[in-house]
Amino acid sequence: AVVLAVLLMLRFQPQLLDPSTAQLMRGLIPAAIILFVVGLVDDLIGLTGVYKLVGQVLSVSILVAGGFEFEVLSILGFEIALGSLSVPFTMFFCLGAINAFNLIDGADGLASAVGAIVFATLGTVAAVLGESSAALVCFTFSGALMAFLCFNAPPARIYLGDTGSMLIGLVVAAVAVHCTIKEQAGFALLVPVAICAIPIIDAGAAMIRRITTGQSVFSPDRGHLHHSLLLRGWSVARTVAAIAVLTTITCGGALASFFTGKDYYALAAGAGVFAAMAAARVFGHVEVAL
């Protein structure tokens with residue numbers, strides 16, 4: 001659906017075929033194809049965590065080789081030149097996004113709903129920056145996921161699988177990196193982090209649980225945010241709606257930071273959501289204790 005929408009738009013809006021679009025597609029398309037194949041094999045046959053990680057690294061490596069990499073970061077007004085750390089940091093960022101969305105896909109409609117909100121927010125950022133091709137990809141992806149929710153909302157009839165959830169993370173990371181390549185100022189790292197705060201918090205908590213308890217980082221568990229809400233007696237629909245609201249809050253903070261140039265809004269939104277959940281013992285309090 002995304003590919004068809006993008007091709008139609010490029011057909012009727014040829015002015016979008018600029019060097020920026022070519023660079024985006026040249027890096028994203030081969031990386032997405034590889035990750036799509038890895039996810040499809042995992043969904044149909046099954047792959048161990050190590051083999052899946054190898055496929056993810058290969059996909060991200062191709063993306064970075066296509067010119068997608070951070071050079072300067074801006075955090076709370078301080079700019080940090082990455083230098084030789086540019087490539088490893090970019091790969092870490094992309095792998096984190098891929099696995100964050102992969103891990104949150106544990107309830108009907110959850111990754112689709114969160115992904116639709118994230119893409120709509122990131123598309124707004126790209127459009128304001130003048131990155132029309134990146135905005136086009138984001139808005140079409142958001143629309144495709146919202147339409148997919150007709151079949152994926154609880155009770156789901158069709159699932160994203162690793163094929164879909166990992167692809168969401170890859171495209172989010174690719175667009176975030178792409179939007180910084182031609183910017184003169186350092187990339188405001190807290191903006192995409194706040195946009196993806198809920199998947200990042202959930203994935204980060206999972207890593208803390210597994211490492212501190214001596215488990216493999218690839219081992220599944222039932223300590224994710226959606227599991228915590230379901231164990232409190234919430235329905236799947238109510239759980240998905242609540243997490244979508246939390247995502248909207250963090251995305252709102254990210255947009256506030258983007259338009260004002262002040263990182264504090266993004267930081268407050270992400271940290272505030274996590275602190276509120278941990279204080280209410282809804283999620284995160286166990287990881288804080290560990």
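What you see is a predicted model, in which local features need pLDDT of at least 70 and side-chain atom pairs count only at pLDDT 80 or more, while totals for chains, interfaces and linings use all residues. Residues are numbered from 1 along each chain as its sequence is written, and side-chain values use heavy atoms, with hydrogens and water left out.

Let us start with the whole chain. The C-alpha trace spans about 50 × 45 × 35 Å along its principal axes. A compact globule of 290 residues would have a radius of gyration near 19 Å, and the chain, with 18 Å, agrees. That radius is taken over C-alpha atoms, and the globule rule is 2.2 Å times the number of residues to the power 0.38. Of the 290 residues, 49% count as buried, meaning under 20% relative accessible area with a 1.4 Å probe, protein chains only. Among contacts (heavy atoms within 4.5 Å) with a separation of 6 or more, 71% are between residues 24 or more positions apart.

Now for the elements. The chain has 13 helices and three strands; these are DSSP runs, with at least four residues of H or I for a helix and at least two of E for a strand, numbered from the N terminus.

Finally, look at the hairpin formed by β1 and β2, which has two residues between the strands. Strand β1 (residues 72-75) runs antiparallel to strand β2 (residues 78-81), and four bridges join them; pairing requires at least two DSSP bridges. Ser74 stands opposite Glu79 in β2. In the turn, Leu76 has a positive phi of about 55°.

Terms used
Buried means under 20% relative accessible area, exposed over 50%, partly exposed in between (1.4 Å probe, protein chains only).
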